[in-house]
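Reader: Can you walk me through this model? I'll ask as I go.

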Amino acid sequence: MREGFAVSDRRGGAAHASKGQYGLDAPVVIRNLIGIGLLLAGGSIAAFLFRGWVWLIVGAWLGLVSVFCLAEAVYMIWSSKRGKAIVVRKMLDMLQLRGDEHVLDVGCGRGFVLIAAARRLTGGRATGIDIWNSRDQSGNHPDIPLRNAERENVFDRITIVHADARQMPFEAHTFDVVVSSLALHNIPHEAERKRAIEEIARVLKPGGKVALLDFRYADAYARALTEAGFKEVAVSRRHLQMFPPVRIVTGLRS
Ligand SMILES: C[S@@+](CC[C@H](N)C(=O)[O-])C[C@H]1O[C@@H](n2cnc3c(N)ncnc32)[C@H](O)[C@@H]1O
């Protein structure tokens with residue numbers, strides 16, 4: 001595994017646009033972890049009220065799993081609120097944006113990456129596409145990235161389009177850079193995710209850059225990019241500032 005592109009560009013400072021409201025990733029998973037954690041904690045306390053070794057072991061075991069679930073939920077909340085900013089900054093640093101590019105964010109959700117990229121642009125534009133699934137991000141709606149862009153003073157550089165990653169309504173060779181964060185794994189079936197990567201290849205200009213951040217399927221994305229004719233395809237190490245830990249797949253369109 002190796003890191004893609006050179007890491008030298010620090011323009012744009014923090015990736016996290018602090019005035020925006022970016023919600024939680026995978027809110028259903030977090031809710032379930034908290035629910036199960038509290039339930040098990042209750043079970044653990046109840047077990048400790050009984051006498052005997054068996055109940056002691058049951059109580060300890062339930063307590064341990066409960067702590068594990070609650071800790072995972074806290075890690076996921078921290079990841080959405082803080083850790084993601086660190087990793088997204090690294091991803092954007094890798095891309096070494098000049099400032100005049102047309103950037104596409106696939107699965108932009110509430111606009112966290114889209115707006116972080118737009119903040120690094122001077123003459124360029126950032127376009128975000130999404131289907132705004134509320135199970136994938138809390139309060140997901142196409143108005144939210146626009147509202148966040150207004151708060152972050154990048155409204156004039158942003159375009160929002162309702163579109164599926166597998167069928168993008170753009171001409172071939174429209175974008176200089178394509179980014180995507182935590183979006184592609186939501187597409188069921190490998191063939192469909194590959195279809196999304198073929199779409200990314202189609203809408204990227206020759207010489208354009210791609211960076212895909214995700215906690216699953218990084219090797220499959222790398223394979224699909226290579227098959228789609230990308231050069232210098234690289235998969236980063238796992239970044240533990242996000243939970244589940246993510247990897248970044250980068251490549252250059254030939
Ligand atoms: C966990 S959210 C991440 C949002 C944003 N990229 C970020 O990092 O904050 C995943 C996003 O992918 C979107 N998504 C899922 N399947 C998609 C598809 N087939 N096409 C476009 N977007 C999709 C969801 O609606 C959701 O907004």
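Reader: Which strands does helix H5 lie across, and at what angle does H5 run to E5?
Author: Helix H5 (residues 190–203) lies across E1, E4, E5 and E7, and runs at about 145° to E5. Contact here is two C-beta atoms, placed from the backbone, within 7 Å. Axes are lines fitted to C-alpha atoms, for helices over the stretch in contact, and angles run from 0 to 180 degrees between N-to-C directions. Helices (H or I, at least four residues) and strands (E, at least two) are DSSP runs, numbered from the N terminus.

Reader: What should I know about the model and its numbering?
Author: The model is predicted: local features need pLDDT of at least 70, side-chain atom pairs count only at pLDDT 80 or more, and totals for chains, interfaces and linings use all residues. Residues are numbered from 1 along each chain as its sequence is written.

Reader: What about H2, which strands does that one lie across?
Author: H2 lies across E4, strand E5 (204–214) and strand E7 (247–253), at about 160° to E5.

Reader: How many helices and strands are there in the protein?
Author: There are 6 helices and 7 strands. Along the sequence the pattern reads α-α-β-α-β-α-β-β-α-β-α-β-β.

Reader: What order do the strands take in the sheet?
Author: The sheet is open, has 7 strands in the order E3-E2-E1-E4-E5-E7-E6, and its pairing is mixed. E3 and strand E6 (230–235) are the edge strands, each pairing on one side only. The twist from one strand to the next averages 15°. Two strands count as paired if DSSP finds at least two bridges between them.

Reader: Parallel or antiparallel for E1 and E4?
Author: Strand E1 (residues 102–106) and strand E4 (residues 175–181) are parallel, over 4 bridges. Val-106 stands opposite Ser-180 in E4.

Reader: And E5 with E7, which sense is that?
Author: E5 and E7 pair in the antiparallel sense, over 6 bridges. Leu-212 has Val-249 in E7 as its bridge partner. E6 and E7 also run antiparallel, joined by 4 bridges, with Ala-234 opposite Thr-250 in E7.

Reader: How many residues of E7 are buried?
Author: 6 of the 7 residues in E7 are buried. Buried takes 20 or more other C-beta atoms within 10 Å of the residue's own, exposed takes 12 or fewer, and partly exposed is in between, with C-beta atoms placed from the backbone. Across the protein, buried residues make up 43% of 254.

Reader: Switching to the ligand. Which residues are closest?
Author: The closest of the 22 surrounding residues are Gly-107, Gly-109, Asn-133, Ser-181 and Ala-183. Helix H3 (112–119) and strand E2 (125–130) are the elements that give two or more residues to the shell. A residue is near a molecule if its C-beta atom, placed from the backbone, lies within 6 Å of it.

Reader: What is the shell's make-up by class?
Author: The shell has 10 nonpolar, 7 polar and 5 charged residues. Ala, Val, Leu, Ile, Met, Phe, Trp, Tyr, Cys and Pro count as nonpolar, Asp, Glu, Lys and Arg as charged, and the others, Gly among them, as polar.

Reader: Back to helices. What does H1 pack against?
Author: The buried residues of H1 pack against helix H2 (53–95). Ile-30, Leu-33, Gly-37 and Leu-40 are buried in H1.

Reader: Where is Val-154, and what does it touch?
Author: Val-154 is in the loop between helix H4 (143–151) and strand E3 (158–162). Not counting residues up to four places away in sequence, Val-154 touches Ile-115, Ala-118, Arg-119 and Ala-149. Val-154 counts as buried because it has 22 C-beta neighbours inside 10 Å.

Reader: What is phi at Ala-26 and at His-173?
Author: Phi of Ala-26 is near 50°, and phi of His-173 is near 60°. Most residues other than glycine have a negative phi, and most peptide bonds are trans.

Reader: Is either site buried or exposed?
Author: Ala-26, in the segment before H1, counts as buried, with 21 C-beta neighbours inside 10 Å. His-173 is partly exposed, with 14 other C-beta atoms within 10 Å.
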